Amino acid sequence: MRAAIYARVSRDARKQGRSVAEQVEECTAWAEREGWDVVEVIDETGSASRYARSTGARQRWGELVALVASGRIEVLLTWEHSRALRTLEDYTDLRNLCSKHGVAWGYTGTLYDMTKRDARFRTGLDALLAEDESARTSDRLRRNVRSRAAAGHPHGKLPYGYRREYDATTGALLRQVPDDPRVVDGEEVAGTAPLAREIIERVGHGETLYRIAQDLTLRGVPLPRPARTRHDKAAWLPTTVKRIASNPAYVGLRVHRGEVVGQASWAALVDEATWERAQAALEQMGRGRPRVDRSVKWLLSGIARCGACGGPMIHHVNRGSSTYLCKYCMGVTRVQEPVDELVIDRLLQVLAHLDNEPATDRPSPELTAAVDELAALRARRESFIDQAADGSIAPATLAKVEAKLRPRIEEKERLVRTLRRPSVLSGLDLSDPRALWERLDIGQRRSLLAATLEVTIQPAGRGRRIFDPTLIEVLPAGSARG
Ligand SMILES: [Zn+2]
């Protein structure tokens, strides 16, 4: 059989591919093994001009098309699918020509008879996958694979709450284990693991980062890192607390460049539910929900919204009477007491209703199923990454698998997070909402209210003296924002 070889420099700067000469060499060796005659080598060495490079101009693509159409060859060999083609249009042209003239197309070790439907399907699929998104995916994975292959062990910064064990004679890293309390040389060592657990749990329970940091400082808990100078105040910072609470290492997940790449070789410090709860709490902090200022005395100040401009309603004393006033437009105002009464009334109704709902903390069957499915998907990705790391599958294959698995994993992660959204209501006895309300201080009442309801005060006509309850809009929290 007569064969032709087409080689070109790929546009991308991955530096992973072979040079044109190497491509030709590999394809020639392939032809030799099969006993094909190489009648033509078309290589795009690429013009040195900036214009040609930036447009990816191919001087000899036309020659290739003419050659396939001439009927002089039966086989066309290229190094890699994405290296032979620039666009889907190129693929379509080449496919149609090969199909019409009975030319088989070979790349990455497989020869495709382009007159066959399944060969057209397979090569078409490769053409789609070779498009930009897939290239980026495979780049990312190559880096992951490299880092895994190189490390094989925990590496990088030691997460707070863990310690590393080294071989006494060789000094080689053996493993990373939770820094739990233990006895060393007859002395008790407290370890940092309980503190890391405490931080994640407290964040999950909705404590502010600031408060946790302040508490750790007051208790004299040593910082994760030693003070840099003698004047370096040994104070915990909210950002330090956040960094710990958001590190997936604590749930036994390995992270590479900010992305979870698989299960870690070390034990988790907290269970997945605890960790997810902390993530949900952090997410909520970052979402810029109306911050509840616990020092405020007025129930709805900063929580109720203005129906005219959407601004926050704040407390305001107007000629001796207590009111709420829009902080932004100052055009909407309402007497404070009846508004509070109405809103409390609605809140208690909602709470009584919630008492009949299943407790949010009990793992629902959906949640259990979602967690299992997520674990299975991660395990599948893990096994493919392992296979790629030891070379039993090509990075390109891994890229394809990853491209399919990633959206499914992300979707499941979102679902698990949603199902686990922590509730300020968890742990509260809702059987008698009125009694519960009486027990709460103003700060707790405001937190509960902000988490449960959205209150909007609609403008009233000029000179309206009588309180109109229909102008106070009370909706379940989250319904307006979606
Ligand atoms: Zn307003």
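Here is a short chat about a predicted model and some of its features.

Biologist: What holds the zinc ion?

Modeller: The zinc ion is coordinated by the SG atoms of Cys306, Cys309, Cys326 and Cys329, at 2.2 to 2.3 Å.

Biologist: And which arrangement do the four donor atoms make?

Modeller: A tetrahedral one, because the angles they subtend around the zinc ion run from 95 to 117°. Along the chain, the donors follow the spacing C-x2-C-x16-C-x2-C. Cys309 sits in the loop between strands S12 and S13, and Cys329 in the loop between strands S14 and S15, so this pair ties together parts 20 residues apart in sequence.

Biologist: Is Cys309 buried or exposed, or something in between?

Modeller: Cys309 is partly exposed, at 39% relative accessible area. Cys329 is partly exposed too, at 36%.

Biologist: Switching topic, how many salt bridges does the structure hold?

Modeller: It holds 19 salt bridges. One of them joins Glu74 to Arg2, with the closest N and O atoms 2.5 Å apart. Glu74 is in the loop between helix H3 and strand S3 while Arg2 is in strand S1, so the pair ties together parts 72 residues apart in sequence.

Biologist: Which residues are linked in a network of salt bridges?

Modeller: Glu198, Arg202, Glu207, Arg211, Asp215 and Arg219.

Biologist: Why does Phe121 count as exposed?

Modeller: Because its relative accessibility is 55%, and exposed means over 50%.

Note on methods. Residues numbered from 1 in each chain as written. Predicted model: local features only at pLDDT ≥ 70, side-chain atom pairs only at ≥ 80, totals over all residues. Heavy atoms only, no water. Buried < 20%, exposed > 50% of the residue type's maximum accessible area, 1.4 Å probe, protein only. Donors = N, O, S within 2.8 Å, 3.2 Å for Na, K, Ca; no water. Tetrahedral: all angles 85-135°; square planar, octahedral: opposite > 155°, others 65-115°. Helix = DSSP H or I, 4+ residues; strand = E, 2+ residues; numbered from the N terminus. Salt bridge = Lys/Arg side-chain N within 4 Å of Asp/Glu carboxyl O.
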